[in-house]
Amino acid sequence: MAKFNQIIFASALCLIAAAFDAVAQNKEVLLEVRILKIQKNKGRLVVDIYRDKGTGLEKPYARKIMSTENEQAVVSLMVPAGTYAISIYQDINSNGKLDSNFINIPKEPIGFGNNYRPFGPPKYSAASVV
């Protein structure tokens, strides 16, 4: 459980003031995710954005893979107005997956939208931002 707190979201913003109008007009909004406490120069950072509540956190709507040159990062995406779940992990060994132990607890740093601190796999709603 020591790895759970290593990546923390400072915020995930959808420009709330414009979002309500954008939903009504089916417009795109800026989704900005700020990531803190990255282990500098270790592997890569994988940011997954989920849009479909029905599939939960299984199939990402968008994925950004970033370097770990800095201890902080910002991911910005233009997305249709709505609710999105966010999942991030730092792939320390660059093997393309989130490594976990024999009881499925992540060995690599993870974080979720809405500053969700997991006890088991998160549900879409727990990791969602508007």
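Tutor: A residue counts as buried under 20% relative accessible area, as exposed over 50%, and as partly exposed in between, judged with a 1.4 Å probe and protein chains only. What you see above is a predicted model, in which local features need pLDDT of at least 70 and side-chain atom pairs count only at pLDDT 80 or more, while totals for chains, interfaces and linings use all residues. Residues are numbered from 1 along each chain as its sequence is written, and side-chain values use heavy atoms, with hydrogens and water left out.

Student: Over which residues does pLDDT stay under 50?

Tutor: First, the term: pLDDT is the predictor's confidence in each residue, from 0 to 100. The protein averages 79, and 78% of the residues score at least 70. A contact means heavy atoms within 4.5 Å. The model has 61 contacts beyond four places in sequence for the stretch where pLDDT stays under 50, namely residues 1-20.

Student: What pattern does the protein follow along the sequence?

Tutor: Helices (H or I, at least four residues) and strands (E, at least two) are DSSP runs, numbered from the N terminus. The protein has 1 helix and 8 strands. Read along the sequence, they give β-α-β-β-β-β-β-β-β.

Student: How many residues of strand S3 are buried?

Tutor: Across the 130 residues of the protein, 38% count as buried. Strand S3 covers residues 44-50, and it is largely enclosed by the rest of the structure because the buried ones among its 7 residues number 6.

Student: How far apart are the N and O atoms in the salt bridge of Arg 63 and Asp 48?

Tutor: A salt bridge is a side-chain nitrogen of Lys or Arg within 4 Å of a carboxyl oxygen of Asp or Glu. Asp 48 stands opposite Arg 63 in S4, and Asp 48 is buried at 3% relative accessibility, whereas Arg 63 is partly exposed at 46%. The side chains of Arg 63 and Asp 48 meet with an N to O distance of 2.6 Å.

Student: How many residues apart are Arg 44 and Asp 91?

Tutor: Arg 44 is partly exposed at 27% relative accessibility, while Asp 91 is buried at 0%. Arg 44 forms a salt bridge with Asp 91, with the closest N and O atoms 3.5 Å apart. That pair links distant parts of the chain, strand S3 and strand S6, and the separation in residues is 47.

Student: Is Glu 32 buried or exposed?

Tutor: The structure holds 3 salt bridges, and one of them joins Glu 32 to Arg 34 at 2.7 Å, N to O. Arg 34 is partly exposed, with 34% relative accessibility. The relative accessible area of Glu 32 is 16%, so this residue is buried.

Student: What is the angle between the planes of Tyr 61 and Tyr 84?

Tutor: Rings of Phe, Tyr and Trp (its six-membered ring) pair if their centres lie within 6.5 Å; planes under 30 degrees apart are stacked, over 60 edge-to-face, and the rest tilted. Tyr 61 is partly exposed at 38% relative accessibility, and Tyr 84 is buried at 1%. A search of the whole structure finds 1 aromatic pair. The tilted pair is Tyr 61 with Tyr 84, 5.9 Å centre to centre, and the angle is 45 degrees.

Student: What distance separates the C-alpha atoms of Ala 127 and Tyr 50?

Tutor: Ala 127 lies in the loop between strand S7 (110-112) and strand S8 (128-129), and it is buried, with a relative accessible area of 0%. Leaving aside neighbours within four places in sequence, its contacts include Leu 57, Tyr 84 and Phe 112. Ala 127 and Tyr 50 are 77 residues apart along the chain, and their C-alpha atoms are separated by 9.5 Å.

How values were computed. Two strands pair if DSSP finds at least two bridges between them.
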